[in-house]
Amino acid sequence: MLAGYPPSVFAAIGHPVTWIGRLIAALDRRFNLEGDDFEARRRAGVLALLLLLAVTGFAAEIVQILCLALPLGFLVAAVIASSLIASRSLDEHVAAVATGLERQGVVGGRAAVSRIVGRNPEALDVHGVSRAAIESLAENFSDGVVAPAVWLGVLGLPGAALYKAINTADSMIGHRTPRHLAFGWAAARLDDVVNLPASRLSALLLVAAAWLLPGADARAAWRAVWRDARKHRSPNAGWPEAAMAGALGLSLAGPRVYGQIRVEDGYMGEGRIEATAADIRRALDLYRIACLLQLALVLVLVMPLIIARG
């Protein structure tokens with residue numbers, strides 16, 4: 001989880017998420033037919049999602065069975081599962097935004113942030129780029145780090161793999177575009193459901209991290225979560241974003257532009273709107289502490305199982 005996915009392995013065989021992405025793209029081409037009406041395309045989306053989950057779950061179950069048949073197979077399965085937790089890559093992508101702003105100003109920041117957010121980077125000034133990076137960090141801490149760990153704990157390797165399949169499907173086809181509004185409906189709704197526990201846990205981890213980070217405000221983070229989290233248009237993203245905003249004394253979310261569409265949303269936190277690259281660095285410090293707290297929590301829960309297995 002902390003070391004990241006080895007580039008040599010990625011170059012040789014790819015990554016489980018890229019395999020899932022290729023399957024989703026193939027299902028989209030096969031079942032999302034533009035000549036069908038809305039209901040037919042929504043039914044096709046449900047069928048495609050079920051096929052995706054069946055293939056992913058079956059493959060992950062086979063891998064888990066094979067791993068557990070090996071000496072120390074429990075640890076082998078854990079190493080494989082860690083490839084589904086994106087803590088290192090998220091850190092690198094968000095840090096690149098801060099570096100871009102520091103070295104090239106708004107131009108460099110826009111180029112870097114365009115790789116991690118869906119909104120129109122040309123509509124963002126320095127403060128908008130900084131807020132977008134911090135918001136992405138908070139939301140993806142929940143989606144990319146905490147959620148796969150939660151489902152790994154609940155259902156083992158198949159749970160983590162199924163979660164990544166759902167989350168990847170939402171990112172690829174769960175959009176309100178003419179092509180995917182109907183076909184991606186099931187993926188988007190299911191993604192909301194499976195992220196419910198992780199979004200709340202991620203907020204608690206960020207609040208706890210704020211107690212440990214000098215200068216952060218854990219009490220303000222807690223207040224922001226309970227006051228603002230439900231104002232977000234997403235049922236889940238508001239929780240970690242509000243915690244991050246309160247801890248750092250910022251205002252996050254609010255009105256944003258995706259493509260040419262302006263989205264009205266409530267603000268998370270009641271601090272400064274004028275975020276900077278320095279705030280991105282502080283957000284990364286908070287995130288890293290929260291990741292360590294999650295790792296400590298996992299070890300506390302898993303260590304008895306390791307001891308029991310001898």
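A: One term to start with: buried means under 20% relative accessible area, exposed means over 50%, and partly exposed is in between, using a 1.4 Å probe and protein chains only. This is a predicted model, where local features need pLDDT of at least 70, side-chain atom pairs count only at pLDDT 80 or more, and totals for chains, interfaces and linings use all residues. Residues are numbered from 1 along each chain as its sequence is written, and side-chain values use heavy atoms, with hydrogens and water left out.

Q: Okay, so is W222 buried, exposed or partly exposed?
A: W222 is partly exposed, because its relative accessible area is 39%.

Q: What do W222 and W226 form?
A: They form an edge-to-face aromatic pair, with 5.7 Å centre to centre and 65 degrees between the planes. Rings of Phe, Tyr and Trp (its six-membered ring) pair if their centres lie within 6.5 Å; planes under 30 degrees apart are stacked, over 60 edge-to-face, and the rest tilted. Both residues lie in helix α9 (residues 218-228), four residues apart, about one turn of the helix. Helices here are DSSP runs of H or I with at least four residues, numbered from the N terminus.

Q: Which residues are in the cluster linked by ring pairs?
A: W222, W226 and W239.

Q: How many aromatic pairs does a search of the whole structure find?
A: Three. One of them joins F141 and Y287: their ring centres are 5.6 Å apart and their planes at 85 degrees, so this pair is edge-to-face.
A: F141 is buried, because its relative accessibility is 0%. Y287 is buried too, with a relative accessible area of 1%.

Q: Switching topic: which residues have the most contacts inside the largest nonpolar core?
A: F141, M244 and I280, in a core of 76 residues. Such a core is a set of buried Ala, Val, Leu, Ile, Met, Phe, Trp, Tyr and Cys residues joined through side-chain atoms within 4.5 Å. Helix α6 (residues 126-173) gives the most to this core, with 17 residues.

Q: Where is I62?
A: I62 lies in helix α3 (residues 38-68). I62 is partly exposed, as its relative accessible area is 36%.

Definitions and conventions: Helix = DSSP H or I, 4+ residues; strand = E, 2+ residues; numbered from the N terminus.
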